[in-house]
Amino acid sequence: MTFHRHSGPRSYLSSTMTERFDCFYCRDNLQGKKYANKDDKHVCLRCFEKLCANTCAECRKPIGADAKELNHKNRHWHEGCFRCAKCYKPLANEPFAAKDDGKIMCGKCGDRDGSPRCQACYKVITPGSKNVEYKHKVWHEECFTCFECKQPICSQSFLTKGDDMYCTPCHEKKFAKHCVRCKEAITSGGITYQDQPWHSECFVCHTCKKPLAGARFTAHEDQFYCVDCYKTDVAKKCSGCQNPITGFGRGTNVVNYENKSWHEYCFNCKKCSLSMAHKRFVINGEDIYCSDCAKKL
């Protein structure tokens with residue numbers, strides 16, 4: 001609803017004619033008589049009311065030349081007829097609202113009649129005031145606040161939980177998962193490993209910092225390593241083949257003995273190549289022997 005203000009009432013009445021002039025319509029002499037000036041034509045008061053006068057939108061009577069007239073959007077009123085349709089307050093020199101049905105209202109009645117109400121305080125939202133619309137509902141700007149910190153959200157981004165609105169920082173603090181590594185909120189994406197949340201950019205190889213999401217990796221002493229870095233920097237070397245023992249690829253079982261480690265498939269008798277895994281064996285220097293072969297040394 002838009003409010004307007006008049007520049008003031010006007011009148012078509014001119015002063016008394018002192019020279020010879022005739023009425024444009026009836027040709028009566030206007031000398032010494034009052035007359036009206038309409039569209040640059042001199043008109044006697046009788047002809048003006050019959051042929052030229054505007055009809056008052058309120059009382060439906062002609063607005064005489066000597067009456068004060070108000071107009072708005074091609075509609076006309078006597079000054080005394082231009083009043084609020086509800087409280088009858090005169091509006092000739094006051095702000096007013098023109099409704100779609102043609103009614104004229106003062107600002108106070110116009111606010112009450114059909115204006116939206118704030119979803120928070122339930123007071124009328126006056127035309128021209130700052131407000132926030134969301135899902136066909138409206139709030140005063142100062143009433144559209146975060147459910148948690150109670151601060152106005154204004155034009156900032158916000159998130160919802162049920163029917164409640166939250167500013168982004170409060171929503172993150174209250175509802176978002178927090179990364180195990182950096183402790184910051186995970187606002188989008190992220191991955192889960194062993195039921196713990198991570199930012200994708202935080203779930204990286206401890207050595208080369210390559211992202212591990214979707215890649216093969218292994219954990220060692222609470223750190224994560226890509227396959228290459230684990231082989232190079234962390235994995236023990238097999239005392240048999242001298243290659244890293246990674247747990248990847250062929251065979252995952254490991255044999256450990258006196259600070260040495262072997263792939264299970266490398267833990268064989270030096271002489272007969274019999275697997276010594278889960279069997280009695282003899283160490284001679286750096287080599288492993290089965291009991292039978294050891295007796296022949």
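Colleague: Which residues does Phe175 touch, not counting residues up to four places away in sequence?

Modeller: With those neighbours set aside, Phe175 touches Lys161 and Tyr166, where a contact means heavy atoms within 4.5 Å. Please keep in mind that this is a predicted model, in which local features need pLDDT of at least 70 and side-chain atom pairs count only at pLDDT 80 or more, while totals for chains, interfaces and linings use all residues. Residues are numbered from 1 along each chain as its sequence is written, and side-chain values use heavy atoms, with hydrogens and water left out.

Colleague: Where does Phe175 lie, and how far apart are Phe175 and Lys161 in space?

Modeller: Phe175 lies in helix α3, residues 168–175; helices here are DSSP runs of H or I with at least four residues, strands are runs of E with at least two, and both are numbered from the N terminus. Phe175 and Lys161 are 14 residues apart in sequence and 9.0 Å apart in space, C-alpha to C-alpha.

Colleague: What does the charged end of Lys161 do there?

Modeller: It sits over the ring of Phe175, 5.0 Å from the ring's centre, and that description requires NZ of Lys or CZ of Arg to be within 6 Å of the ring centre and within 35 degrees of the ring normal. Lys41 likewise lies over the face of Phe24, at 5.4 Å from the ring centre.

Colleague: Is Phe175 buried, exposed or partly exposed?

Modeller: Phe175 counts as partly exposed because its relative accessibility is 29%; buried means under 20% relative accessible area, exposed means over 50%, and partly exposed is in between, with a 1.4 Å probe and protein chains only. Across the protein, buried residues make up 32% of the 297 residues.

Colleague: Changing topic, how many aromatic pairs does a search of the whole structure find?

Modeller: The search finds 20 aromatic pairs. Rings of Phe, Tyr and Trp (its six-membered ring) pair if their centres lie within 6.5 Å, and planes under 30 degrees apart count as stacked, over 60 as edge-to-face and the rest as tilted. One of the pairs is Tyr257 with Phe281, which is edge-to-face at 5.3 Å centre to centre, with 85° between the planes.

Colleague: Which parts does that pair tie together?

Modeller: Tyr257 is in strand β17 (residues 254–257) and Phe281 is in the loop between β18 (260–263) and β19 (282–284), so the pair ties together parts that are 24 residues apart in sequence. Phe281 also forms an edge-to-face pair with Phe267, at 5.0 Å centre to centre and 85° between the planes.

Colleague: Last topic: which residues of helix α1 are buried?

Modeller: In α1, residues 45–52, the buried residues are Cys47, Phe48 and Cys52. They cover an arc of only 105° around the axis, which puts them on the same side of α1; the arc is that of the directions from the helix axis to the C-beta atoms. The buried residues of α1 pack against β3 (35–38) and β4 (41–44).
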